[in-house]
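Please prepare a careful account of the aromatic pairs, helices and selected residues of the model shown below.

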Amino acid sequence: MFADLGHFTASSMRIAFPFFVYRCLVVQYMGQAAFLSKNIASIPNSFYNSIPDIVYWPVFVIATRAAIVGSQAVISATFSIVKQCNALGCFPRVKIVHTSKHIKGQMYAPEINWILMILTVAVAVGFQDTTLIGNAYGLACMTVMFITTFLTALVIIFVWKRSVALATSFLLLFWRIEGVYLSSAFIKIPQGGWVSLVLSFVFLAIMFVWHYGTRKKYNFDLHNKVPLISGTL
């Protein structure tokens, strides 16, 4: 997601995730699991219920700021993905504003920003329930992880030039784990998860139609191009 954003270098991501982010996530999820093992009734609100009262408000502030940072990351990643789709001819052309003179990955797309705002308001007003929104979010996350694992297997074969057996072993190992979570997320499709599927199919249809029309136009121009005739008077 951060490959073309320009906000972080590859080395900073390699250092930050394994040494800080991953360890914090493991500790946090282990703490929630330990709390829920003794407080089953707190499942709907396990995060805040598991926080000691003395640090509740500091954690609340940090969690809110983290949500803001996470939403900004999603918005920036959307701009980057749309730009890459434009370069591949898979998405309608939109205005891209480069916000930095030195880092080309920092950009802003006004039309996409408005679309994201409208979709966000529509989902919030339509559901009016964080549980339903969480179900849609969970299905989207697990589907992304499932697809990313498959793409990583292709990287192992074609980019890293490793054996097919290694890529297959990697794929089966992680798909076996992620498949359990993804199958559980499918149960939530009637309870809000359908929104992620509908939006995915809508944007997939837009990209397919645009790419098909662009390819047809290119082939037509290629076969009907008037050759330039050079000569002397």
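How many aromatic pairs does the count come to? The structure is a predicted model, in which local features need pLDDT of at least 70 and side-chain atom pairs count only at pLDDT 80 or more, while totals for chains, interfaces and linings use all residues. Residues are numbered from 1 along each chain as its sequence is written, and side-chain values use heavy atoms, with hydrogens and water left out.

**Aromatic pairs**

Rings of Phe, Tyr and Trp (for Trp the six-membered ring) pair if their centres lie within 6.5 Å, and planes under 30 degrees apart count as stacked, over 60 as edge-to-face and the rest as tilted. By this rule the count comes to 13 aromatic pairs. In one of them, Phe-17 and Tyr-22, the ring centres are 6.1 Å apart and the planes stand at 45°, so the pair is tilted. The rings of Phe-47 and Tyr-48 have their centres 4.9 Å apart with planes at 80°, so this pair is edge-to-face. Ring pairs also link Phe-47 and Tyr-48 with Tyr-56, Trp-57 and Phe-60 into a cluster.

The table gives the relative accessible area of the residues in these two pairs, where buried means under 20%, exposed over 50% and partly exposed in between, with a 1.4 Å probe and protein chains only.

| Residue | Relative accessible area | Class |
|---|---|---|
| Phe-17 | 46% | partly exposed |
| Tyr-22 | 46% | partly exposed |
| Phe-47 | 28% | partly exposed |
| Tyr-48 | 24% | partly exposed |

**Helix H3**

Helices (H or I, at least four residues) and strands (E, at least two) are DSSP runs, numbered from the N terminus. The buried residues of H3 are Ala-73, Ser-76, Ala-77, Phe-79, Ser-80, Val-82 and Cys-85, and what covers them includes strand E2 (107-108), helix H4 (110-127) and helix H7 (194-223), contact meaning heavy atoms within 4.5 Å. H3 is followed by Gly-89, whose phi is positive, near 75°.

**Helix H5 and its packing on H7**

Axes are lines fitted to C-alpha atoms, for helices over the stretch in contact, and angles run from 0 to 180 degrees between N-to-C directions. Helix H5 (residues 130-158) and H7 pack at an angle of about 55°, with their axes 7 Å apart. That makes H5 oblique to H7, since angles under 35 degrees count as roughly parallel, over 145 as roughly antiparallel, 65 to 115 as roughly perpendicular and the rest as oblique. On the H5 side the contact is made by Ala-136, Tyr-137, Leu-139 and Ala-140, and on the H7 side by Val-195, Ser-196 and Leu-197.

Asn-135, which lies in helix H5, is buried with a relative accessible area of 13%, and, not counting residues up to four places away in sequence, Asn-135 touches Lys-188, Gln-191 and Gly-193. Thr-149, also placed in helix H5, is buried at 5% relative accessible area; leaving aside neighbours within four places in sequence, Thr-149 is in contact with Phe-170, Leu-171, Phe-174, Trp-175 and Glu-178. Leu-154 of helix H5 is partly exposed, with a relative accessible area of 32%, and Leu-154 and Pro-52 are 102 residues apart in sequence and 45 Å apart in space, C-alpha to C-alpha.
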